[in-house]
Amino acid sequence: MMNIVLLGAPGVGKGTCAEVLAKKHSIPHISSGDIFREAVAGESELGKKVKQYLDRGELVPDELTVEVIRQRLEKDDCKKGFLLDGFPRTIAQAESLKKFSKIDHILNFTAVKKLIVERLSGRRTCRKCGAIYHIKYFPPKLEGVCDKCGGELYQRSDEAPDVVMKRLAVYEEQTKPLIDYYRNEGTLTDIDANYPAEEIGKIIEQCEEAIKNG
Ligand code: AP5
């Protein structure tokens, strides 16, 4: 079994590394943020409920978030493991997760704030396949066009400077306490995510090492 959680501030690079790790280990990459954004784009019932929170950079209420993830983890593709990116984000979510799943590795991504803000402000995301780019660090071959599927690249609505600041504050208040929570349980490994784009392999290597030794 390989049930992995990626922890870390918004923009630290979780999603970028999650793509690589999930592919390597043939497990699904489950991003709570992606699930919510897809729901908003599709104007589903879930989307209508969560839109206001995403727009403001606030967390979606625990009960709703936990139910969405619980249902996702019940799907067949999670039987051999999964990689959770962006969940849990509060102690209450972590407590709930324990009731329906056992987590083997918690990888805690860390980077200095200056890099995080730079990464967030230059990010571009593919509207069609969700691939992540950066205008300076991971540019697409053709500006505004996804290398993988030809989809349109856009800037997320929660990347406006005031919303970014709100998300970073929410992380400090509500998600950071999870670091000590999991450290006390002995399942957490810190991942130094300060390495630049051309050395992303060094971040992946640390994750692989933690998974192997965990
Ligand atoms: P979510 O989508 O989870 O956003 P986040 O945690 O804020 O994380 P990001 O996707 O912004 O960053 P990331 O760490 O994945 O960085 P990335 O790899 O893209 O959540 C959005 C919203 O959904 C929340 O605000 C909330 O409302 C709601 N939500 C989600 N989960 C929830 C939950 N559990 N409970 C309640 N509400 C929830 O990288 C960033 C940029 O940097 C990219 O441009 C990338 O190309 C670049 N980059 C990455 N690595 C490097 C590197 N090493 N060097 C240079 N550039 C790099």
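Q: What makes arginine 56 count as sitting over the ring of tyrosine 53?
A: Its charged end is 5.9 Å from the ring centre. A charge sits over a ring if NZ of Lys or CZ of Arg is within 6 Å of the ring centre and within 35 degrees of the ring normal, so 5.9 Å passes the distance part. Arginine 127 is placed over the face of tyrosine 154 too, at 4.4 Å from the ring centre.

Q: What should I know about the model itself?
A: It's predicted: local features need pLDDT of at least 70 and side-chain atom pairs need 80 or more, while totals for chains, interfaces and linings use all residues. Residues are numbered from 1 along each chain as its sequence is written, and side-chain values use heavy atoms, leaving out hydrogens and water.

Q: Why is the pair of tyrosine 181 and tyrosine 182 called edge-to-face?
A: Their centres are 5.1 Å apart, with 85° between the planes. Rings of Phe, Tyr and Trp (its six-membered ring) pair if their centres lie within 6.5 Å; planes under 30 degrees apart count as stacked, over 60 as edge-to-face and the rest as tilted. So 85° lands in the edge-to-face class. The structure holds 1 aromatic pair.

Q: How do you know whether tyrosine 181 is buried or exposed?
A: Its relative accessibility is 15%. Buried means under 20% relative accessible area, exposed over 50%, and partly exposed in between (1.4 Å probe, protein chains only), so tyrosine 181 is buried. Tyrosine 182, at 5%, is buried as well.

Q: And why is serine 26 called exposed?
A: Because its relative accessible area is 64%, past the mark for exposed. Serine 26 also has a positive phi of about 50° although it isn't a glycine. Most residues other than glycine have a negative phi. Glutamate 43 has a positive phi of about 50° too, and it's exposed at 61%.
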